[in-house]
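Subject: Structure handover

Hello,

Here is the structure I said I would pass on. Please open it next to this email and read the notes below it.

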Amino acid sequence: MRLDKLIETELLTSRKEMKQYFARRLVKVDGQVEMNASRNVDSQLHTIQVGTDFLTTNHVYLLLNKPIGAVTAVKDERHTTVTQLIASADQRENLYPVGRLDRDTEGLLLVTDNGQLGYELLLPDKKVEKTYEVWINGLLDTSDVVAFEKGIQFIGGEICKPAELVIVESFAKLSHCYLTIQEGKFHQVKKMFLARGSKVLRLRRTKMGPLTLDEKLPPGGYRPLTGIELKELAHYFK
Ligand code: URA
């Protein structure tokens, strides 16, 4: 949560009073005077102090195994949304998915009510890597590994950043691989394989930044991030 919003809501201050706390150097994060009012903080990671008061946040960070068929949205007229998969005990105002997976894509999706963190994770310059497990309808060989490494050019001309392709097994009509990309273009993985002449048959995200999908989490299941995972995300709390 933004530090200024936290102070206003926890200490019931006006905007002017909140700014005075900063001006009087009374706001400290992890014991250091903090002057950046828009800094993103979480009391699970930081000690947040205003004068003698210690402030706490109450965010949720959930790692969801998105099932095929659910839409990555908060509201939808026709389909189940990923936020509807979250039990009422874990619901929060402003709970939303970080990034987007297609309706027919499954796998790792972070769901949180920390809007600022979600925003930071999606910024292109943060280069948060995402790994997908992919099944396609054609053959893969080292020429594909090289092409992905160089940067795939979409059929429309757009060029992607270098990506890492690891082939698990490959046959004429079915190949299984892992692809790691740094960007989040619309239908990126499907379009990358299309540019190589293949169609994606199944797509599953297994990693995003420091987060990894646990194989034990069933489709539609979710769990809170562990303290270690949250610490690994701390780098994005700007
Ligand atoms: N790339 C795609 O084509 N689809 C997704 O859902 C995610 C990445």
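How many positive and how many negative side chains does the chain have, and how far apart do the centres of the two sets lie? There are 34 positive and 31 negative side chains, with 3 Å between the two centres. Please keep in mind that this is a predicted model.

The chain as a whole

The secondary structure consists of six helices and 13 strands. Along the principal axes, the C-alpha atoms occupy a box of roughly 70 × 35 × 30 Å. The chain has 238 residues, and 45% of them count as buried. Its accessible surface is about 12,700 Å², with 52% of that belonging to carbon and sulfur atoms. Among contacts with a separation of 6 or more, 62% are between residues 24 or more positions apart.

The ligand

Which residues surround the ligand? They are Leu 101, Asp 102, Thr 105, Tyr 132, His 187, Gln 188, Val 189, Lys 190 and Leu 203.

- Thr 105: here an N or O atom of the side chain is 2.9 Å from an oxygen atom of the ligand.
- His 187: a backbone N or O atom lies 3.2 Å from an oxygen atom of the ligand.

On its own the ligand exposes 240 Å², and the protein buries 95% of that area.

Regards

Terms used. Residues numbered from 1 in each chain as written. Predicted model: local features only at pLDDT ≥ 70, side-chain atom pairs only at ≥ 80, totals over all residues. Heavy atoms only, no water. Helix = DSSP H or I, 4+ residues; strand = E, 2+ residues; numbered from the N terminus. Buried < 20%, exposed > 50% of the residue type's maximum accessible area, 1.4 Å probe, protein only. Contact = heavy atoms within 4.5 Å. Areas by Shrake-Rupley, 256 points an atom, 1.4 Å probe, with all protein chains shown as cover. Lys, Arg positive; Asp, Glu negative; His and termini not counted. Charge placed at Lys NZ, Arg CZ, Asp CG, Glu CD. Near = heavy atom within 4 Å. Polar contact = N/O pair within 3.5 Å; in protein donor to acceptor, adjacent residues only side chain to side chain.
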